[in-house]
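Here is a short tour of one protein chain, written for someone meeting it for the first time. Keep the picture open as you read, and try to find each spot for yourself.

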Amino acid sequence: SDLMGEQTILCGMLQTGAVILFDKMVANGIAPGYASKLIQYGWETITEALKHGGITGMMNRLDNPSKIKCFDLAEELKEIMRPLYVKHQDDIITGHFSSTMMADWDNNDVNLLKWREETAETNFEKTPAGDMHISEQEYFDHALVMVSMIKAGVELAFEAMVDVGMKPESAYYESLHETPLIANTIARRKLYEMNKVISDTAEYGCYLYTQACMPLLKDFIAKIDTGVIGTKYNKGDNGVDNRRLIEVNELIQSHEVEKIGRMLRGHMSAMKKISTVSE
């Protein structure tokens with residue numbers, strides 16, 4: 001479960017999202033400094049809500065039209081990425097991941113070091129966060145795709161782990177609960193800090209995920225606009241279809257990661273709030 005979580009939602013998904021969403025925002029006219037800040041500190045701000053309230057709490061930070069749009073985006077992402085999550089889990093179980101990583105180790109980490117250098121040269125990594133103020137709520141309202149990526153990634157990782165026999169409690173910790181910890185490292189010093197703090201094993205798997213996921217998301221990213229990343233999606237009218245809103249809320253709350261999460265968080269009475277950059 002530790003390997004699966006690190007490779008997918010905990011590191012791979014956040015890294016993939018950071019790189020491709022930064023480039024998408026800049027291509028669509030969003031100021032680079034704003035785009036960099038929205039992503040660098042957005043993961044941490046969004047997952048702080050996830051930590052305390054699960055996916056339900058995170059999604060409840062959105063207004064109703066935005067919540068429904070975010071849910072739909074997450075469902076589309078799950079359909080696109082599910083085979084990749086299954087493959088990562090299969091490669092871990094069968095030992096394929098370990099054998100390829102050890103082969104690279106024997107070859108002086110040539111692939112690991114090459115991927116590390118390539119990540120350092122991405123536009124997101126090289127662009128400093130701007131000095132503008134972004135309120136806590138703006139990190140949610142202007143980043144629906146980031147919220148949808150977290151929802152999709154947590155659910156897919158949890159499902160893949162449980163499907164191969166891991167206990168739901170363990171799957172919860174290695175998918176939802178630890179995501180804010182990794183997001184905090186990105187807030188400190190971007191992807192450099194994340195990849196420095198995690199193990200070489202996790203870093204190797206993270207790069208494998210990113211390389212495979214980016215081509216999968218090419219068409220998805222091409223069709224989204226600044227309404228779901230970079231600016232506010234809901235520009236005024238909060239009206240929604242009541243039946244659809246009820247359906248979406250029920251689907252969010254009834255996922256197994258939410259059921260086990262509510263029980264486990266009930267025992268985490270000492271869990272503290274962290275101070276994010278927006279505060």
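In the UniProt record, an unreviewed entry, the annotation "binding site" covers Ser199. Keep in mind that you are looking at a predicted model. In this model, Ser199 sits in the loop between helix H10 (179–197) and helix H11 (200–216).

**Around the annotated positions**

- Ser199 is partly exposed because its relative accessibility is 36%, a value between the 20% limit for buried and the 50% limit for exposed.
- A polar atom of the Ser199 side chain lies 3.0 Å from the backbone nitrogen of Ala202.
- UniProt (unreviewed entry) also lists Asp2 and Glu6 under "binding site".
- Glu6 belongs to helix H1, which spans residues 2–27.
- Is Glu6 buried or exposed? With 14% relative accessibility, Glu6 counts as buried.
- Leaving out residues up to four places away in sequence, Glu6 touches Cys11, Gly12, Ser199 and Ala202.

- Gln15 lies in helix H1, and its relative accessible area of 1% makes Gln15 buried.
- Which residues does Gln15 touch, not counting those up to four places away in sequence? They are Thr119, Leu191, Met194, Asn195, Cys206, Tyr207 and Thr210.
- With Thr210, the Gln15 side chain makes a polar contact, side chain to side chain, at 3.2 Å.
- Gln15 and Ile39 are 24 residues apart along the chain, and their C-alpha atoms are separated by 10 Å.

- Lys151 is part of helix H8 (residues 144–163).
- Lys151 has a relative accessibility of 1%, so Lys151 counts as buried.
- The side chains of Lys151 and Glu155 make a polar contact at 3.1 Å.
- Setting aside neighbours within four places in sequence, Lys151 is in contact with Ile55, Met58, Met59, Phe71, Ala74, Glu75 and Ile252. Remember Ile252 for the last topic.

- Most residues other than glycine have a negative phi.
- Asn108 has a positive phi, near 60°, and is not a glycine.
- You can find Asn108 in the loop between helix H4 (96–106) and helix H5 (110–120), and its relative accessible area of 65% means that Asn108 is exposed.
- Lys190 is not a glycine either, yet its phi is positive, about 60°.
- Lys190 lies in helix H10 and is buried, at 6% relative accessibility.

**Where two helices cross**

- Helix H13 (residues 242–254) and helix H14 (residues 256–265) have axes that come within 5 Å and cross at roughly 60°.
- On the H13 side, Ile252, Gln253 and Ser254 make the contact, and on the H14 side Glu256, Glu258, Lys259 and Arg262 do.
- Sorted by class, this contact of H13 with H14 has one nonpolar, two polar and four charged residues.

Conventions: Residues are numbered from 1 along each chain as its sequence is written. This is a predicted model: local features need pLDDT of at least 70, side-chain atom pairs count only at pLDDT 80 or more; totals for chains, interfaces and linings use all residues. Side-chain values use heavy atoms; hydrogens and water are left out. Axes are lines fitted to C-alpha atoms, for helices over the stretch in contact, and angles run from 0 to 180 degrees between N-to-C directions. Helices (H or I, at least four residues) and strands (E, at least two) are DSSP runs, numbered from the N terminus. Contact means heavy atoms within 4.5 Å. Ala, Val, Leu, Ile, Met, Phe, Trp, Tyr, Cys and Pro count as nonpolar, Asp, Glu, Lys and Arg as charged, and the others, Gly among them, as polar. UniProt positions are given in the numbering used here, feature names are shortened, and annotations may be inferred rather than shown by experiment. Buried means under 20% relative accessible area, exposed over 50%, partly exposed in between (1.4 Å probe, protein chains only). A polar contact is a pair of N or O atoms within 3.5 Å; within protein, one must be able to donate a hydrogen and the other to accept it, and residues adjacent in sequence count only if both atoms are side-chain atoms.
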